[in-house]
Amino acid sequence: MFQNIVLGQYVPGKAFAYLLDPRTKIVLTLLFVIALFATASLESYIIMFVWLTLAIIASKVSISLLLRGLRGFIIIVIFTSLISLFFTEGQHLFSWYFITITEEGLSLAIVAFVRILLLLSGTILLTYTTSPQQLTNAINYLLKPFKRIGMPAHEWALIISIALRFLPVMLAEGNRIVNAQKARGADFGSKNPFVKVKALIPIIVPLFNSAWQRVNELSLAMECRCFSPDARRTTLRGLKMATRDYGCIIFAIIALLAVFFTN
């Protein structure tokens, strides 16, 4: 049930994407998201697909792993697409009782479906090729200029780091609870949606209980180590961008401009 969710998980590798500075990968992801929501033509979508394909090749992520990660969010993708399909006014294409499909609704549903899949794919690639510690350091570096206006950059980076570290742990905990409930005779294979929702209750309750226990243990551990959010910190290995990082950022900017010009 939880094994299909790979968002937040990191798998070590030696591909080109792993050699990039984590700040570069965050900037590339942000530029990818901006370009994705700026797409409005077939040519711009082709550019986005090429961009994503190059990212997959650079990270050497298997298609099966990527599809497995997307499968965990397929309900969200379908639900968002159906809202656009059934609740958009326009020229009628099909009508049956209270269900009406319009030409504009069909177009928006396809756009929403493609955009969410591309967005999730880019995010999965980022977390797949970047460790939580690298993401924390990168976010801390990127937010440093905002410290001058009073923004708690380090605290934000720490929160994101803890969330990313807890996500794989909670997924593993969820799988353990599911297996324990199956051993007690719980049925998670029913096709009845009401039975599925009812079966989630004995999973969610112990999962939240485990999460609160881990949060309490983490807070006690931080207090025992005299953690102070205002303390000045250094890193063991500083971040340094190479020529390949600047080259990737230039490519992303060119692709972003191409998307704007093709709309």
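Buried means under 20% relative accessible area, exposed means over 50%, and partly exposed lies in between, with a 1.4 Å probe and protein chains only. By that scale Arg214 is partly exposed, because its relative accessible area is 30%.

This is a predicted model, in which local features need pLDDT of at least 70, side-chain atom pairs count only at pLDDT 80 or more, and totals for chains, interfaces and linings use all residues. Residues are numbered from 1 along each chain as its sequence is written, and side-chain values use heavy atoms, with hydrogens and water left out.

Confidence comes next. pLDDT is the predictor's confidence in each residue, from 0 to 100. The chain averages 81. A score of at least 70 is reached by 89% of the residues. Among the elements, strand E1 (residues 92-96) has the lowest mean pLDDT, 71. Helix H10 (residues 243-262) has the highest, 93.

Now the fold. The chain has ten helices and two strands. These are DSSP runs numbered from the N terminus: helices are H or I with at least four residues, strands are E with at least two. In sequence order the pattern reads α-α-α-α-α-β-β-α-α-α-α-α. Contact means heavy atoms within 4.5 Å. Of the contacts between residues at least 6 apart in sequence, 74% join residues at least 24 apart. Of the 263 residues, 36% are buried.

Turn to the interior. A nonpolar core is a set of buried Ala, Val, Leu, Ile, Met, Phe, Trp, Tyr and Cys residues joined through side-chain atoms within 4.5 Å. The largest one has 32 residues, and Phe32, Met48, Trp51 and Leu118 have the most contacts inside it. Helices H2 (22-38), H3 (42-59), H4 (63-71), H6 (103-129) and H10 each give two or more residues to this core. H6 supplies the largest share, seven residues. A second, separate core has nine residues, including Leu126, Leu135, Leu143 and Leu164. Trp51 shows the packing in detail. Beyond its neighbours within four places in sequence, Trp51 is in contact with Leu28, Leu31, Phe32, Ala35, Phe251, Ala252, Ala255 and Leu256.

Charged pairs follow. Side chains of opposite charge can pair when their charged atoms come close. A salt bridge is a side-chain nitrogen of Lys or Arg within 4 Å of a carboxyl oxygen of Asp or Glu. The structure holds three. One joins Asp21 and Arg23 at 3.0 Å, N to O. Both Asp21 and Arg23 are buried. Glu173 and Arg176 meet at 2.5 Å, N to O. They are three residues apart in helix H8 (residues 153-183), so about one helical turn separates them. Glu173 counts as buried because its relative accessibility is 10%. Glu173 also pairs with Arg214, whose closest N and O atoms are 3.4 Å apart. Arg214 lies in helix H9 (residues 193-224) and Glu173 in H8, so this pair ties together parts 41 residues apart in sequence.

Last, the surface. Accessible areas come from the Shrake-Rupley method with a 1.4 Å probe; for residues, only the protein chains shown count as cover. The chain exposes about 16700 Å², and carbon and sulfur atoms supply 68% of it. Ile74, Ile75, Ile78, Phe79, Leu82, Ile83, Phe86, Phe87 and Phe113 form a nonpolar patch with about 880 Å² of accessible area together. Patches are made of residues with over 30% relative accessible area and no salt bridge: nonpolar side chains (Val, Leu, Ile, Met, Phe, Trp, Tyr) are joined within 5 Å, like charges within 9 Å. Helix H5 (residues 74-86) gives the largest share of the patch, seven residues. Ile75 lies in H5. Ile75 counts as exposed because its relative accessibility is 69%.
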